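User: Can you walk me through this model? I'd like the helix packing and the DNA contacts.

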Amino acid sequence: MPELPEVETTRLGLLSAVIGKRVSGVILRDWRLRWPIPRNLDALLVGRTVLGLARRGKYLLWDVESSHGGGFLLCHLGMSGSMFTVRNGVAPIKHDHVDIVLGGDTIVRYHDPRRFGAMLWISGATPTHPLLDQLGPEPMAADFNGSRLFARSRGRAISVKQFIMDGHTVVGVGNIYASESLFDAGIRPTTAAGRISETRYGSLASSIKATLAKAIAAGGSSLRDYVGADGESGYFQLAAQVYGREGEPCHTCRRPVRAIRQGQRSTFFCSRCQT
DNA sequence: CGAGAGTCCTGAAGGC
DNA sequence: TGCCTTCAGGACTCTC
């Protein structure tokens, strides 16, 4: 699934194809995502113009004439979703659940084998929704920093890795980038969040920003289900330091990378470089 | 309230 | 080849 860099890459790839374009049709082949897609999606979208495409965490927010009687289309790619453009007329394949036809000649196609994603409608001029209400800061924003991490972690027994993957702490840090950022900051993922100093949280915030920025610059990293917004295989070699490298030598000290499980998710770290 | 487990679903990979 | 188990990038929603 797309982590934040992949979602941002998707957004950037879709922008020119959707902004200012009028929706001419909607094809709903399977509405059974994490929550049901509104069955009247066509009535909500057709005839309206897309005025914006924003991202909040891993959610994509389409502004569909929100200030003129429309609203927002809220999309999440879940674990295996992708959203990309194809020429109108290109036949769908298995798991192509939704087509949004724009201007008659372009389709934005939603593909999601596991159907953990979401496509919901928010009526009105402001994108308020329970899924968005409690989200933490954007990792690349100035208000996400070490002081904030430190303040929010006091008294918390949860491991620092699970702490930074919690969307209330900061949005968009998924399983891969959590391991990578903690390696970059030299912090052991099992350490209790409440026992890490403000100085170290400063390093961690910087590492999260740097790790995500690098991945966004590379166009999203490489996961087998991921398809870029242009429909091409968005397959970039992920320059992982530790993720998926169990038993292989640490790039810094050559000690074998260790793999453990935390909260039913895989964690990778170097037991020498991360203390 | 926090922490941990369970849940949705398909598909790929590995063991036998 | 086939059957079975395990695992996968998320994150909401329970229970204790």
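Predicted model: local features only at pLDDT ≥ 70, side-chain atom pairs only at ≥ 80, totals over all residues.

User: DNA then. Which residues surround DNA strand B?

Analyst: Lys-94, His-95, Pro-113, Arg-114, Arg-115, Phe-116, Arg-156, Ala-157, Ile-158 and Gln-264. Near means that a heavy atom of the residue lies within 4 Å of the strand.

User: How does the surface near DNA strand B split by class?

Analyst: Four residues are nonpolar, two polar and four charged. Here Ala, Val, Leu, Ile, Met, Phe, Trp, Tyr, Cys and Pro count as nonpolar, Asp, Glu, Lys and Arg as charged, and the others, Gly among them, as polar.

User: What does Lys-94 contact on DNA strand B?

Analyst: A phosphate oxygen, 3.3 Å from an N or O atom in the Lys-94 side chain. A polar contact here is a pair of N or O atoms within 3.5 Å.

User: And what does Arg-114 contact there?

Analyst: A base oxygen of DNA strand B is 3.0 Å from an N or O atom in the Arg-114 side chain.

User: Switching to helices. At what angle do H4 and H7 pack?

Analyst: About 125°, with their axes 7 Å apart. H4 is residues 146-153. Axes are lines fitted to C-alpha atoms, for helices over the stretch in contact, and angles run from 0 to 180 degrees between N-to-C directions. Helices are DSSP runs (H or I, at least four residues), numbered from the N terminus.

User: Which residues of H4 and H7 meet?

Analyst: Gly-146, Ser-147, Leu-149, Phe-150 and Ser-153 in H4 meet Glu-198, Tyr-201, Gly-202, Leu-204 and Ala-205 in H7. Contact means heavy atoms within 4.5 Å. By class that contact is five nonpolar, four polar and one charged.

User: How do H6 and H7 pack?

Analyst: H6 (residues 175-185) packs on H7 at about 125°, with the axes 8 Å apart. That makes H6 oblique to H7. Angles under 35 degrees count as roughly parallel, over 145 as roughly antiparallel, 65 to 115 as roughly perpendicular and the rest as oblique.

User: What classes of residue make up the contact of H6 with H7?

Analyst: Seven nonpolar, four polar and two charged. On the H6 side, Tyr-177 and Leu-182 are among them.

User: Last one, H1 and H7. What angle?

Analyst: About 40°, axes 9 Å apart. H1 and H7 are therefore oblique to each other. Leu-4, Pro-5, Glu-8 and Thr-9 in H1 meet Leu-212, Ala-215 and Ile-216 in H7.

Note on methods
Residues numbered from 1 in each chain as written. Chains lettered and ligands numbered in written order. Heavy atoms only, no water. Helix = DSSP H or I, 4+ residues; strand = E, 2+ residues; numbered from the N terminus. Polar contact = N/O pair within 3.5 Å; in protein donor to acceptor, adjacent residues only side chain to side chain.
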